[in-house]
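Dear colleague,

Please find below the structure that I am handing over to you.

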Amino acid sequence: MKDRIGPWLAAIFCAVLALIVTIANLWGLRNGGSDGSANSVFMMFMPMCFIFVGGYLSKLRGDNLELRHRLDAVSPPNAG
């Protein structure tokens with residue numbers, strides 16, 4: 001299950017974060033407060049999206065490197 005959700009984790013986090021900010025902005029506007037009352041929360045948590053993507057890409061790069069090493073061990077390069 002984790003392998004299926006892993007690539008989409010950053011997008012899911014962004015969607016949930018956007019929903020939270022939208023609800024907080026509407027709630028703040030309804031109560032007579034500032035219309036940007038939750039924008040600071042949105043801006044502070046936005047880097048998490050990039051952390052999720054970076055973690056997944058670094059795992060993918062490690063897997064690719066391991067597969068290259070296995071492929072080189074199985075089939076030596078042609079001397080040409």
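**Salt bridges, a nonpolar patch and an aromatic pair**

Glu66 and Arg70 form a salt bridge, with 2.8 Å between the closest N and O atoms; the term denotes a side-chain nitrogen of Lys or Arg within 4 Å of a carboxyl oxygen of Asp or Glu. Please note that the model is predicted, so that local features need pLDDT of at least 70 and side-chain atom pairs count only at pLDDT 80 or more, whereas totals for chains, interfaces and linings use all residues. Residues are numbered from 1 along each chain as its sequence is written, and side-chain values use heavy atoms, with hydrogens and water left out.

Glu66 and Arg70 are four residues apart in helix α4, and therefore about one helical turn separates them. Helices are DSSP runs (H or I, at least four residues), numbered from the N terminus. Arg70 is exposed, at 52% relative accessible area, while Glu66 is partly exposed at 39%. Here buried means under 20% relative accessible area, exposed over 50%, and partly exposed in between (1.4 Å probe, protein chains only).

The search of the whole structure finds two salt bridges. One of them joins the side chains of Lys59 and Asp63, at 3.1 Å from N to O. Both residues lie in helix α4 (residues 47–74), four residues apart, or about one turn of the helix. Lys59 is partly exposed at 47% relative accessibility, and Asp63 is partly exposed at 31%.

Ile5, Trp8, Leu9, Ile12, Val16 and Ile20 make a nonpolar surface patch of about 560 Å². Such a patch consists of residues with over 30% relative accessible area and no salt bridge, whose nonpolar side chains (Val, Leu, Ile, Met, Phe, Trp, Tyr) are joined within 5 Å; accessible areas come from the Shrake-Rupley method with a 1.4 Å probe, and for residues only the protein chains shown count as cover. Helix α2 (residues 9–30) supplies the largest share of the patch, four residues. Val16 is placed in helix α2 and is partly exposed, with a relative accessible area of 44%.

The whole structure was also searched for aromatic pairs, and one was found. Phe13 and Phe52 form this pair, which is edge-to-face, at 5.3 Å centre to centre and 80° between the planes. Rings of Phe, Tyr and Trp (its six-membered ring) pair if their centres lie within 6.5 Å; planes under 30 degrees apart count as stacked, over 60 as edge-to-face and the rest as tilted. The pair links distant parts of the chain, with Phe13 in helix α2 and Phe52 in helix α4, 39 residues apart. Phe13 is partly exposed at 23% relative accessibility, as is Phe52 at 27%.

With kind regards

Technical notes:
Helix = DSSP H or I, 4+ residues; strand = E, 2+ residues; numbered from the N terminus. Patch = residues over 30% accessible without salt bridge, like charges linked within 9 Å, V, L, I, M, F, W, Y side chains within 5 Å.
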